[in-house]
Amino acid sequence: MDNIIVIENIVKRFGDHTAVDGLSLDIGRGEIFGFLGPNGAGKTTTVRLMTTLANLDEGRIVIDGHDISKDPIKAKRCLGLIQQNVSLDKELTVYENMMHHAMFQKIPKAERRKRIEELIEYVELDRYRDYMVNSLSGGWKKRVAIVCSLLHNPKILFLDEPTVGLDIDARRKLWDLIKKMNKDGTTVFLTTHYIEEAEAICDRVGIIDNGRLIALDSPKELRNRIGRMAVEYYGEDGKTEYRYFPGRQEANDFATNLGNDYTVIVRRTNLEDCFVEITGKKVGGLR
Amino acid sequence: MMNLLREIYYVSWGDLKFLRHNAINVLIMSLVSPILYLVTFGYGLAPNMVESDLPYIAFIIPGIIALSSLNASFSSTATRFNVQRLYYRSFDNMMVSPLSNAGIVLGKTTLGVVRGLLSCTFIFILGLFLAPQLMLTPLFVFSLILSCYTFSLLGVTAALLAKSHQTMAAFSSLVILPMTFLCGTFFALENLPPLMQAILYGFPLTHSSSILRAASLGWEFPWLSLLALAGFFVAFFLVDIHLIKTRKI
């Protein structure tokens, strides 16, 4: 698999604080890549650097063969971005927002309407086309933002915490949409707080903490690193402890030996266990 | 060149749609203050005053037109751009698109220029009834368009510098308000001490008032002021390009 994104030793500082600290990473063409990290780990800053919304202090980012510092216009042609907070013009209608995006992307006039109609159908937006964006619910706004970022058929789609604020139904629909886009050839770079989101849709996951990449692998391999089975137990003090084991037998033996003073759950390890083990923090905050 | 013009059109398209959705509101809002100035200073305070051998009303109408070009162009560009950049974050969509910085900056001025021209046209038409001395000349039209572009570019500067609505308000209080009253819109600059005059020539509205007044009253045209205003246009444009390149969050 060739790499559509190459990140080499990038650094971004805000005053004395180093938000991204020597990060290097390659993303393969056609991959769905998940970027996990606690609050303030540097996820959004990394996305802003990759999408040219922030300037690099050091290092290099190459998007589909184009160095973003030397050739930003060509690099920008390849990418679409969906931000955590929907970035639409709320004083225009859905259709006007889409048309404006199509113009930004310099889609030829003859193709604009056709492309907009295709995408309106793709995400079932037809009845909302003439609504002011301000009047839509969060889920529909997010859909509009997604179709706007897809108008020019980007090779890479960056999604920064795309499902924050969405209900479970809207979140799952969005996952389906991301998988569908990926099947149609779009590489996806996703930052998220939701561990199950990364497990459900990502081919590979990177964990970032204090601006540094501290783990990188498929969700399955990351889980296997700490052991396939987890024992979660707590006693009268209410403090939950975790232990990880390579197989079910070892986990069961440990649970049995704990005796009756503890409430015990034996289960498969998940990505959250890996995250906590690796970073020492819960996703979204301190442990 | 064609590519740049296309980009300007693409960037301004959304703002012009916004203007269409809010046309009546926008027009009424941009006419309130010039009409108030006209009534207060033209009729209320000085109905029989003469300034530079002219009825005062004829003297201040070109000044009020210059002032309207400042207020309407600056505020409509700065307010909408500030909201798009800091609150809707829709400006980010422009920044991740394959548009040139010049296309973005000039495109963002269009709303201010259109609003400034609409507002000034209305005042000029009203002015023709109140002061028949006024003349519509090609030089006046050119000066007005240059003024609207210059102040709209200043609006882009303010929006790019602003970190909140608060900073925008501070910019208006510290830069726009002093210009409104001091830059020769309501009185001839020659009435002031030389040092004060020299300071006020450092502001674009002084030159805008001067060229619009000369062009509409048939006075000797101050070409140096036209050149100075063009200089402000270029300076604001270059500052905006620099800010777009460097003021990324």
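Start with chain A, which is divided into domain 1 (3-218) and domain 2 (228-268); these bounds come from an automatic or database domain assignment. The model is predicted: local features need pLDDT of at least 70, side-chain atom pairs count only at pLDDT 80 or more, and totals for chains, interfaces and linings use all residues. Residues are numbered from 1 along each chain as its sequence is written, and chains are lettered from A and ligands numbered from 1 in the order in which they are written.

Select both domains of chain A: their C-alpha centres lie 39 Å apart.

Next, show chain B. Here 25 residues of chain A are in contact with 20 residues of chain B (contact: C-beta atoms, placed from the backbone, within 7 Å). On the chain A side, α2 (72-77), β6 (79-82) and α3 (94-104) each give two or more residues, and α3(A) provides the largest share, five residues. Helices (H or I, at least four residues) and strands (E, at least two) are DSSP runs, numbered from the N terminus.

Now select A:Phe158, A:Val188 and A:Phe189, the residues with the most contacts inside the largest nonpolar core, which has 132 residues. Such a core is a set of buried Ala, Val, Leu, Ile, Met, Phe, Trp, Tyr and Cys residues joined through C-beta atoms within 7 Å; buried means that 20 or more other C-beta atoms lie within 10 Å of the residue's own. Helix α3 (residues 56-87) of chain B gives the most to this core, 14 residues.

Centre on A:Val188. Leaving aside neighbours within four places in sequence, its contacts are A:Ile32, A:Phe33, A:Leu157, A:Leu159, A:Ile178, A:Met181 and A:Asn182.

Finish at a second, separate core of five residues, among them A:Met229, A:Ala230, A:Val231 and A:Ala251.

Conventions: Contact = placed C-beta atoms within 7 Å. Buried ≥ 20, exposed ≤ 12 C-beta atoms within 10 Å, placed from the backbone.
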